[in-house]
Amino acid sequence: MDSVFIWSSLPEHILVNIFSHLPIGDRLNAAVVCKNWHDSFDSPYLWHSFTFSFTQSSDSVQLNFLNKYARHLRQVEILCDQTSKENCARSSQVLSHLAQINERRLETLAIEFTKENPLFFRGEEFLCSLAELFGPADPKNRVVYTLKSVHLNHLSVTLEGILLNLLADNHQTIHTLNIQNQSLTCLIHSTCMLNFVTKCRQLQRLSCFYKSLSKEVFEALVQPDRRPLKYLSIGCRRENKYDVEIPESAWESLVQSSPDLVVNIDFDHTIEKHRIRRILCPPIPLTQLSMTTMTELHEEVQLVADYFHESLEKLVITTKGSADLKRELLRLVSMSLNLKVLHCFCALDVETINQIQVLRPELSDTILKTAEEFEEEGRTLIGRDATNSLINGP
């Protein structure tokens, strides 16, 4: 007679793995199936990682788990529909609770706003709760682990230097920081970043804005008694127009001390063209580049081909179409042997597209379209007048 499989006899580590993939409602339902499953629901390993999602009123049930399980949390993600004051309050409550827990094990934190900010939204309660979490713990509480990875790139509020200073003072084991968000302004200046990188010597992955960097920051990153930097992502915007460019010598020193460093640079549509050429320099180990502008970019594409053809893996450009651009784009593709992704948001002719595909048949991800295809999709990239110029260009 065939043996009957008894679901309640599954080992705890298997149940924990299964439960970890379930939404919280399904997880609760599973926990009442039998005593074995209920015990697995209480397992500390199940609560090492949790995503709080506050998008509707019923999501408040997630707050009920904080008192019992917050001390087990090591990785926390918070998804918040910030158009609701109640959702913002609940998200801030999670942050404050994690700051005040008597045994804190939190190592990874990520926060994401799921909607567009309402008018005049500043996110002050988020910033206050973050400051509480980043700040010194109550002496009565035990901090088992400090933060090692912080991702605020989807938190579209203006971040201030005080947050970085608190991280630098109280979480010096941090190895990953992403503050390259969608806020219109950056208030984290290079002096604040200098303090942060000086104190946080385990830092290996940094995503920030060009405004937060300087020659002095780079000098701090090359000190011998710290971990080498592995990843650097830089967002460049118009607000950087008066900042001094990082000199080639600083890049050379950084690359020498961090030989495995890869760099991602994003120029948004507000930055002036001449700043692009002044910021880019040959020593940068550039692997990913995004350039958006309302004018032509063929000179910049030429520069990218000359400087970065050995390292470039991904290129995204949004610009006006022209014969010069097509020529330089073909030149770049022919020279860049490691190029894997090419997104070109400008009208190309069929011949140019075919040549690119012949030159690099191994491209794994491409967006290459003709004027007719853009027109058919009704795509508006950089305004009606600019798009008409793009489609009707040479």
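A nonpolar core is a set of buried Ala, Val, Leu, Ile, Met, Phe, Trp, Tyr and Cys residues joined through side-chain atoms within 4.5 Å, where buried means under 20% relative accessible area, exposed over 50% and partly exposed in between (1.4 Å probe, protein chains only). In this predicted model, local features need pLDDT of at least 70 and side-chain atom pairs count only at pLDDT 80 or more, while totals for chains, interfaces and linings use all residues. Residues are numbered from 1 along each chain as its sequence is written, and side-chain values use heavy atoms, leaving out hydrogens and water.

**Core**
- The largest nonpolar core holds 113 residues, and Phe134 and Phe196 have the most contacts inside it.
- Leaving aside residues up to four places away in sequence, Phe196 touches Leu164, Leu167, Ala168, Ile174, Leu177 and Leu203; contact means heavy atoms within 4.5 Å.

**Aromatic rings**
- Rings of Phe, Tyr and Trp (its six-membered ring) pair if their centres lie within 6.5 Å; planes under 30 degrees apart count as stacked, over 60 as edge-to-face and the rest as tilted.
- That rule gives 10 aromatic pairs.
- Phe113 and Phe121 are edge-to-face, because their ring centres are 5.7 Å apart and their planes stand at 70 degrees.
- Tyr307 and Phe308 also pair edge-to-face, at 5.7 Å centre to centre and 85 degrees between the planes; Tyr307 is partly exposed at 34%, whereas Phe308 is buried at 1% relative accessible area.
- One aromatic cluster is formed by Trp47, Phe50, Phe52, Phe54, Phe65 and Tyr69.

**Cysteines**
- There are zero disulfides, a disulfide being a pair of cysteine sulfur atoms within 2.5 Å.
- For Cys128, the nearest cysteine sulfur is that of Cys88, 13 Å away.
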